[in-house]
Amino acid sequence: MKRAAPGRLSLLLAAVLLLSGCGSLLDRDFSSVTRHTSQQMDTEDSSVLRVETYSDLVNSVQYFVSLHALEGTVHLYQYSGDVEQDVQEACAEVREQDPLGSFVLQEIQWTSSRIVSYYECTFTFRYRRSASEASAIRQTTGTVAIREALSEALSGYQRKLVLQTSAYYAQRDQLYALLQEAYYDDPAHALGLPDMAVTVYPEDAQSGTARIVELQFTYSLSQAALQQQTEATAQAAATLAGPAPAQGEVGYWLLYSRLGEQAAYDPEGSPSVYAALSEGAANSEGLALAYQLLCQQAGLNCQLVQGTVDGSPHWWNLVEVEPELWRHVDVTAAQGQEDFLSTDSQIAQRYTWDTERYPACPDETPDGA
């Protein structure tokens, strides 16, 4: 990649932004080119820019793409490089190494000619993404922001989410883990974990850290059907939880017993909270999600646990019966009030789980009683 000393860019980018009205798209962290902070217009037309170095040339092409421009012109003054070769390389760099360019561009065509004291190069851009798709890209800065974006997408049953981040995680398993966390933390919308396809722009992980990540979600039902199930689930949960249930152990028992009367355990059943609360039967995942939702509505602290029982995959819950005192609850066990809460040692023979991931449930209370 060619590098040259920065050119003389005398006009501040702010002037260009006032003319274009698209300033937010320029504040980007490019993967292969130092982010530019200014562009120099060569005429009163903001689509004609002055260029003196290869770096200026790349930045100008990026600038046109950020505006989703169909055409753009640069005037190359005192340019010491090979114009034809450098223009070709600049176009390839933006199309293949810049996150936005690799996401939105189909191709760049260009022509150049010598005009007395400068070269004039005119670019024509063809896009495979619309301007609205480009403007919908969500800027994120790390795992917290990515998970928040995933939560919003899941709660709205969106089919696509496009993120731009300078904290790209090369291991796609991390994105799937964040998807699962967002899904299981929101039982009201847990109607079936969607499949997620991940496409990264640019794909080459050696090309800087900035990436655009396109996430496509596949659900088993339409968005309208999922919204209807969400409304039915909310109504069923509100009816089952009732007004202001008791707190502490008594509150957990009331919700446990009510759910046990409402929904049957079907090991081969659906993992959906809707199936548990509205259809009357679900597998351990669906029942655990339903119990978590009821506890959330009652203001009771409850977590979902994923593990095994007798070697088979199984889901249950952890509840905080007193401050920092946690107990296991398995709605599928159908136990009485005297033994529906369990410590780690009481279930360890049959149940296995990641003990580092979840709160401990010791036999003794925190004060040693």
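Student: Which residue takes a positive phi just after H11?
Tutor: Gly299 does, at about 75°. A caution on the source: this is a predicted model, where local features need pLDDT of at least 70, side-chain atom pairs count only at pLDDT 80 or more, and totals for chains, interfaces and linings use all residues. Residues are numbered from 1 along each chain as its sequence is written, and side-chain values use heavy atoms, with hydrogens and water left out.

Student: What counts as a helix or strand here?
Tutor: Both are DSSP runs, numbered from the N terminus: helices are H or I with at least four residues, strands are E with at least two.

Student: And what caps the N-terminal end of H11?
Tutor: Asn283. One of its side-chain oxygens lies 3.1 Å from the backbone nitrogen of Glu285. A polar contact is a pair of N or O atoms within 3.5 Å; within protein, one must be able to donate a hydrogen and the other to accept it, and residues adjacent in sequence count only if both atoms are side-chain atoms.

Student: Is H11 mostly covered or open?
Tutor: Mostly covered, with 13 of its 15 residues buried. Buried means under 20% relative accessible area, exposed over 50%, partly exposed in between (1.4 Å probe, protein chains only).

Student: Which residues touch the most other members of the largest nonpolar core?
Tutor: Leu150, Leu215, Phe217, Leu259, Leu277 and Tyr291, out of 60 residues. H11 gives the most to this core, 9 residues. Such a core is a set of buried Ala, Val, Leu, Ile, Met, Phe, Trp, Tyr and Cys residues joined through side-chain atoms within 4.5 Å.

Student: What does Leu259 touch?
Tutor: Leaving out residues up to four places away in sequence, its partners include Leu277, Tyr291 and Val331. Contact means heavy atoms within 4.5 Å.

Student: New topic. What is the strand order in the open sheet?
Tutor: E6-E7-E9-E8, 4 strands with mixed pairing. E6 (138–140) and E8 (195–201) are the edge strands, each pairing on one side only. Strands pair if DSSP finds at least two bridges between them.

Student: How many bridges join E8 to E9?
Tutor: 7, and the two strands run antiparallel. Met196 stands opposite Phe217 in E9.

Student: Last one: why does Ser102 count as buried?
Tutor: Because its relative accessibility is 10%. Ser102 lies in H4 (residues 99–104). A polar atom of its side chain is 3.0 Å from the backbone oxygen of Pro99.
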